[in-house]
Amino acid sequence: KIREHMEVKDRNGDLLGRVDAIEGDRLKLTRRDAPDGQHHYVPMTDIDRVDTHIHLRTDRAAVFGAAAAGAGAAGAARAAGSAIPP
C-alpha cells in the first residue's frame, strides 16, 4: 500500500512531507519537505492508517524533533521582532 512520493500527514492531518523511500521498518521522508533540509525517518509503528495518504499517530515534533521546534522558534522570534518599533 505504501508507495514512494505518498503524502505523510501527522495526527492533526497536517502535511509533513512525502515518502522518499522505505528503508527496513521505517519511512524515509524527502529532504525538501523538512524544516532543516535533512532526511527524517518515521518508524512503521507510528503509522495509524494508509489510504490515499499515510496518516501517523504522532505529530510534527515527534517526526522533526528539534528541527521543527527551531523553525517554529525562529519564526516566532522574527514575528516578535517585527512588532517592536525601531
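Biologist: Which side chain does the side chain of Asp51 join in a polar contact of 3.0 Å?

Modeller: Happy to start there, with the reminder that this is a predicted model. Asp51 is found in the loop between β5 (47-50) and β6 (54-56). The side chain of Asp51 also reaches a backbone atom, the nitrogen of His53, at 2.9 Å. The side-chain partner, at 3.0 Å, is His55.

Biologist: Is Asp51 buried, partly exposed or exposed?

Modeller: Buried would need a relative accessibility under 20%, and exposed a value over 50%. Asp51 has 39%, so the residue counts as partly exposed.

Biologist: How far apart in space are Asp51 and Met6, C-alpha to C-alpha?

Modeller: In sequence, 45 residues separate Asp51 and Met6. For the chain as a whole, among contacts between residues at least 6 apart in sequence, 36% join residues at least 24 apart. For this pair, the C-alpha to C-alpha distance is 9.8 Å.

Biologist: What is the phi of His5?

Modeller: Let me place the residue first: His5 lies in the segment before β1 (7-9). Most residues other than glycine have a negative phi. His5 is not a glycine, yet its phi is positive, at about 75°.

Biologist: In the hairpin of β1 and β2, which glycine takes a positive phi?

Modeller: β1 and β2 pair in the antiparallel sense over 3 bridges, and Glu7 has Arg18 in β2 as its bridge partner. Between the two strands are 5 residues. The glycine with a positive phi, near 85°, is Gly13.

Biologist: And how many residues lie between the strands in the hairpin of β2 and β3?

Modeller: β2 (residues 15-23) and β3 (residues 26-29) run antiparallel and are joined by 4 bridges. Glu23 has Arg26 in β3 as its bridge partner. Gly24 takes a positive phi near 65° in this hairpin, and the number of residues between the strands is 2.

Biologist: Which residue in β4 is the bridge partner of Lys28?

Modeller: β3 and β4 (residues 41-43) run antiparallel, with 3 bridges joining them. The partner of Lys28 in β4 is Tyr41.

Biologist: What pattern does the chain follow, read along the sequence?

Modeller: The secondary structure comes to 2 helices and 6 strands. Of the 86 residues in the chain, 30% are buried. Along the sequence, the pattern is β-β-β-β-β-β-α-α.

Biologist: How many contacts does the stretch of residues 72-86 have beyond near neighbours in sequence?

Modeller: Over residues 72-86 the pLDDT is below 50. Where pLDDT is low, the predicted coordinates should not be read in detail. Beyond near neighbours in sequence, the number of contacts this stretch has in the model is 0.

Technical notes
Residues are numbered from 1 along each chain as its sequence is written. This is a predicted model: local features need pLDDT of at least 70, side-chain atom pairs count only at pLDDT 80 or more; totals for chains, interfaces and linings use all residues. Side-chain values use heavy atoms; hydrogens and water are left out. Buried means under 20% relative accessible area, exposed over 50%, partly exposed in between (1.4 Å probe, protein chains only). A polar contact is a pair of N or O atoms within 3.5 Å; within protein, one must be able to donate a hydrogen and the other to accept it, and residues adjacent in sequence count only if both atoms are side-chain atoms. pLDDT is the predictor's confidence in each residue, from 0 to 100. Contact means heavy atoms within 4.5 Å. Two strands pair if DSSP finds at least two bridges between them.
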